[in-house]
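Reader: Hello! Please show me how to read a protein model, one feature at a time.

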Amino acid sequence: MSKKIQAIRGMNDLLPKDSALWAFVERTIADLFIAYGYKNIRTPVVEKTDTFCRAIGQATDIVEKEMYSWHESNGDSLSLRPEGTAGCVRMMIEHNLPREGIQKVFYQGAMFRHERPQKGRYRQFHQVGLEVFGAPDAKVDAELMMITHSLWQKLGLKNITLEINTLGSSEARASYRDILVEYFSSHKDQLDEDSLRRLESNPLRILDSKNSAMQDLINNAPKLMTHLDEESDQHFEQFKAYLKALNIDFVINTRLVRGLDYYNRTVFEWTTTDLGAQGTICAGGRYDGLVEKMGGKPTPAVGLAIGLERLILLLEAQEIDLHNQPLAIYIITPSESAQLQSMQIAGTLHESMANVIIYNDISLGSFKSQFKKADKANADFALILGEEELNNNQVSIKPLKSQEQQVALSLDEAIKYFKDYT
Ligand code: ATP
Ligand code: MG
């Protein structure tokens, strides 16, 4: 017997029962971003491996061990995208977009990382990201916080904290790196294997370690905040002033360095304690040097990415009911003669009303079984096309979620009835 087919571990199906919630969340996000003047872009799922290595940095978890890469027959190494910024930057450079002025864009789609799958951590997952190219001011960083803050409010989410930090200029970061290496080197006996490796490759990431045995050592480490360059210091002050003016609460987390290499100045994470270890639902920061590093003209940039699976998990954990089903009508067609008309009526209803779901029965079962299906579909109304109705050029409407009377109406009256209801 052949083996049962199944999906790849850590790569999930979206089942029909969950699709309304996903669609609602995706629509809410897109509408909000568009309302703030951001334009949707799409980049390929596959890029040259080098594009990711250069953008994300060699000494990162993603490039070191999480990418799905392969060689083409001509020797090119290609990879599935592990995140969205690299492709976005490649696109900006290739099409010379920043030359046309400030670019405010957003993307959405599947990302791929070879991680150990667990709740909130998958091998294929979905991000929605915002990026702004060409604007150095902290006002943009604050706008990103304003948009995400507004999104949590629109979705009714609670218990989300904004954590912020600044990484300074690349020069300040470089000299801080030396100070950190000196500090951790003098405490090598307390470092775990991962951190010993990072001491060489990416010492700032040691601050990111979740190892509880190292927490004291990390808490006592020298702070980048006290080694900031003047301009980055001012930039951070401005960022905070904007947040205060916008009434957006935040905490400063000096250990927040972010996994990716390319950040400078502002970094931030929106976190929650309701999702266990995978508590970051949105993260990002400024990456002023990246466009130039990738071969473009010097272009300041800032961006963020929201993890959609974690956002959905949080909505479920907080039991938020989004009441997002539009009016749903189930057309009940008990007789052979009603089939043609039910199609015409469904067409007319769709033409007359926006935002309505019409289930036109296709089971051709008994009157009773069709009603059962209407209930199962969670329909608000049954629209009945029985013999009597057909003879009188009418339809019957039976409310399924209230005790209201069934009524027989002409189709025009029925449309008015539904419109009045919504
Ligand atoms: P983490 O520290 O949780 O591994 P990260 O720093 O690797 O996160 P980013 O690369 O900044 O994450 O991605 C932004 C967001 O995408 C994360 O905050 C998270 O919500 C989501 N995300 C990242 N990796 C995964 C994954 N493997 N599965 C599901 N969501 C993910
Ligand atoms: Mg990660």
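Author: Gladly! Let's begin with helices and strands: these are DSSP runs, numbered from the N terminus, where a helix is H or I with at least four residues and a strand is E with at least two. This is a predicted model, in which local features need pLDDT of at least 70 and side-chain atom pairs count only at pLDDT 80 or more, while totals for chains, interfaces and linings use all residues. Residues are numbered from 1 along each chain as its sequence is written, chains are lettered from A and ligands numbered from 1 in the order in which they are written, and side-chain values use heavy atoms, leaving out hydrogens and water.

Reader: How many helices and strands does the chain have?

Author: There are 15 helices and 16 strands in the chain. Along the principal axes, its C-alpha atoms fill a box of roughly 90 × 65 × 45 Å.

Reader: What share of the chain do buried residues make up?

Author: A residue is buried under 20% relative accessible area, exposed over 50%, and partly exposed in between (1.4 Å probe, protein chains only). Of the 422 residues in the chain, 50% are buried.

Reader: Let's turn to the ligand. Which residues come nearest to ligand 1?

Author: Here, a residue is near a molecule if one of its heavy atoms lies within 4 Å of it. Around ligand 1 there are 15 residues, and Arg113, Glu115, Arg121, Arg258 and Thr280 come nearest. Strand 10 (280-286) gives the most to this shell, with 4 residues. Strand 6 and strand 11 (301-307) also supply at least two residues each.

Reader: How do I read the shell by class?

Author: Ala, Val, Leu, Ile, Met, Phe, Trp, Tyr, Cys and Pro count as nonpolar, Asp, Glu, Lys and Arg as charged, and the others, Gly among them, as polar. The shell around ligand 1 then has 6 nonpolar, 4 polar and 5 charged residues.

Reader: What about polar contacts with the ligand?

Author: A polar contact is a pair of N or O atoms within 3.5 Å; within protein, one must be able to donate a hydrogen and the other to accept it, and residues adjacent in sequence count only if both atoms are side-chain atoms. Glu115 has a polar side-chain atom 2.6 Å from a nitrogen atom of ligand 1. Thr280 uses its backbone: an N or O atom there lies 2.9 Å from an oxygen atom of the ligand. In Arg310, a side-chain N or O atom is 3.2 Å from an oxygen atom of ligand 1. On its own, ligand 1 has 580 Å² of accessible area, and the protein covers 87% of that (areas by the Shrake-Rupley method with a 1.4 Å probe; for residues, only the protein chains shown count as cover).

Reader: And how does one find empty space?

Author: Rolling a probe the size of a water molecule over the atoms shows where empty space is left. On a 1 Å grid over the protein atoms alone, a cavity is a set of points where a 1.4 Å probe fits but cannot get out; a pocket is an open set with protein on both sides within 12 Å along at least five of seven lines; lining residues have an atom within 4 Å of a point. Points are joined across faces, edges and corners, and a volume is the space filled by probe spheres set on them.

Reader: What volume does the second largest pocket have?

Author: Its volume is about 580 Å³. The second largest pocket has 26 lining residues, with Leu14, Asp18, Leu21, Trp22 and Ile312 nearest its centre. Helix 1 (16-35), strand 5 (103-112), strand 6 (124-133) and helix 11 (308-317) each give two or more residues to this lining, and helix 1 gives the most, with 8 residues. By class, the lining has 13 nonpolar, 6 polar and 7 charged residues.

Reader: How many cavities of 30 Å³ or more are found?

Author: The search of the whole structure finds 2. The largest cavity holds about 40 Å³ of space, and its lining includes Ala59, Thr60 and Arg205. Helix 7 (193-201) supplies the largest share of that lining, 3 residues. The lining counts 1 nonpolar, 3 polar and 5 charged residues.

Reader: One last stop: is Asp288 buried or exposed?

Author: Asp288 counts as buried, at 19% relative accessibility. It is found in the loop between strand 10 and helix 10 (290-293), and a polar atom of the Asp288 side chain lies 3.2 Å from the backbone nitrogen of Ala301. For contrast, Asn96 is partly exposed at 31% and has a positive phi near 55 degrees.
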